[in-house]
Amino acid sequence: MTLEIGASGSPASPVPEAAIPVSAQAPAWRHRHLLDVDVLDWSEIELVMTTTDAMREVLARPIAKVPALRGRNVTILFYEASTRTRVSFEVAAKNLSADVVNIAAATSSVTKGESLVDTIRTVEALGAQMLVMRHAVSGAPYLAAAHFGGSVLNGGDGWHAHPTQALLDLYTMREHLPGGSVAGRKVVILGDILHSRVARSNIWSLTAAGADLWLCGPSTLLRGFDRWAAASPRIPGHGRFQVTSDLGAALAGADVVMALRIQRERMAGGLLPSLREYAARFGLTRERLAAARPDVVVMHPGPMNEGVEIAPDVATDPRSVITNQVTNGVAVRMALLYLLAGVHGEGR
């Protein structure tokens, strides 16, 4: 099956109609919201990946815009500061021809004491049909979804989840690993695991993909993950993950290394002696990276504290795909907005 999505252009430079191919065997998208990746089965993750391929084709056009969401209102409501996620969602929605409204909580009635539920009801009354939300409190998007008549897409909530980041990370790994698969590949996530919603969502997606996943950092920033790893079932085709503070063992033979930012804004007292000591013991340097495979893929979800969790020369190393992650973020978020809008299959 081929779903026709015309490319739009200005009257002065029309772009001919083009199609986004959708496999006839692809499962129908069955989710009204996307609050975390743990609700997706593997066929649905694959559907996101193949739809992202199609959106990459759209982004490669002279005019990277299609009318798939024309007439839809996408409201972006962020209660936390953001550059990459917020802007990429805005670009993604506009590339699909949606009407986009951006709301920063710091300049909204939230500062006057308006509750989350009242804000959700207000934006819906103003015409919002799809809501992209980031909040400092874990679970807040679930509350929003319970009160919103349209679709909610979680742009990150507290320490809990960041589903679009996990999906773009998986897409980027598949793009750069030989064979296009993470199955059996050693993937290391290094840094502030405890406070990382990125790590939590990546655990779901990468183990589903069959990766050999290693979480590494100071023991104070790994609390609870050893129990999660021990309880992780051995399912054929699915990977388990290991938890260690032994940086050398984690990096040895690694196919992918993803450094995480030290989240000072969430850090409780006593978890780290100092950022200088963290950098000295766990910072990703070129010397330490030498233990990984020569063609290792270096990643970071951003924003980076260069010189703390990752050395500047590693961030700009030819093996680094950090800027590619940002680019892929637009395509993945286009794919998810498209699927959640019910354009492919029947969303519910």
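Aspartate 118 and arginine 121 form a salt bridge, with their closest N and O atoms 3.9 Å apart. A salt bridge here is a side-chain nitrogen of Lys or Arg within 4 Å of a carboxyl oxygen of Asp or Glu. This is a predicted model: local features need pLDDT of at least 70, side-chain atom pairs count only at pLDDT 80 or more, and totals for chains, interfaces and linings use all residues. Residues are numbered from 1 along each chain as its sequence is written, and side-chain values use heavy atoms, with hydrogens and water left out.

**Overall build**

- The chain has 12 helices and 11 strands. Helices (H or I, at least four residues) and strands (E, at least two) are DSSP runs, numbered from the N terminus.
- Of the 348 residues in the chain, 53% are buried. Buried means under 20% relative accessible area, exposed means over 50%, and partly exposed lies in between (1.4 Å probe, protein chains only).
- Take the contacts between residues at least 6 apart in sequence: 75% of them join residues at least 24 apart. Contact means heavy atoms within 4.5 Å.

**Salt bridges**

- Side chains of opposite charge can pair when their charged atoms come close.
- Aspartate 118 and arginine 121 both sit in helix α3 (residues 116-125). They are three residues apart, about one turn of the helix.
- Aspartate 118 is partly exposed at 36% relative accessibility. Arginine 121 is also partly exposed, at 47%.
- Arginine 30 pairs with glutamate 44, with the closest N and O atoms 2.4 Å apart. This pair links distant parts of the chain, 14 residues apart: arginine 30 is in the loop between β2 (19-21) and α1 (42-59), and glutamate 44 is in helix α1.
- Arginine 30 is partly exposed, with a relative accessible area of 36%. Glutamate 44 is buried, at 2%.
- Arginine 293 bridges to aspartate 295, with the closest N and O atoms 3.3 Å apart. Salt bridges that share partners join Arg185, Asp255, Arg293 and Asp295 into one network.
- Arginine 293 is partly exposed at 35% relative accessible area, and aspartate 295 is partly exposed at 39%.

**Largest pocket**

- Rolling a probe the size of a water molecule over the atoms shows where empty space is left.
- The largest pocket has a volume of about 540 Å³. Its lining counts 30 residues, and the closest to the pocket centre are Thr85, Arg134, Pro301, Gly302 and Pro303.
- The elements giving two or more residues to this lining are α2 (84-95), α5 (163-176), α6 (197-208) and α12 (322-340). Helix α12 gives the most, with six residues.
- A pocket, on a 1 Å grid over the protein atoms alone, is an open set of points where a 1.4 Å probe fits, with protein on both sides within 12 Å along at least five of seven lines. Lining residues have an atom within 4 Å of a point.
- Grid points are joined across faces, edges and corners, and the volume is the space filled by probe spheres set on the points.
- By class, the lining has eight nonpolar, 13 polar and nine charged residues. Ala, Val, Leu, Ile, Met, Phe, Trp, Tyr, Cys and Pro count as nonpolar, Asp, Glu, Lys and Arg as charged, and the others, Gly among them, as polar.
- Domain 1 (24-162 + 329-341) and domain 2 (164-325) both give residues to the lining, so the largest pocket lies between them. The domain bounds come from an automatic or database domain assignment.

**Backbone geometry**

- Most residues other than glycine have a negative phi, and most peptide bonds are trans.
- The peptide bond from glycine 302 to proline 303 is cis, with omega near -10 degrees. Proline 303 lies in the loop between β11 (297-299) and α11 (312-315).
- Serine 97 is not a glycine, yet has a positive phi of about 70 degrees. Serine 97 lies in the loop between α2 and β4 (99-104) and is buried at 13% relative accessibility.

**Two buried strand residues**

- Aspartate 157 lies in strand β6 (residues 151-157). Aspartate 157 is buried, with a relative accessible area of 0%.
- Aspartate 157 and serine 138 are 19 residues apart in sequence and 4.8 Å apart in space, C-alpha to C-alpha.
- Beyond residues up to four places away in sequence, aspartate 157 touches residues including His135, Ser138, Tyr142 and Arg197.
- Cysteine 216 is in strand β8 (residues 212-216). Cysteine 216 is buried too, at 0% relative accessible area.
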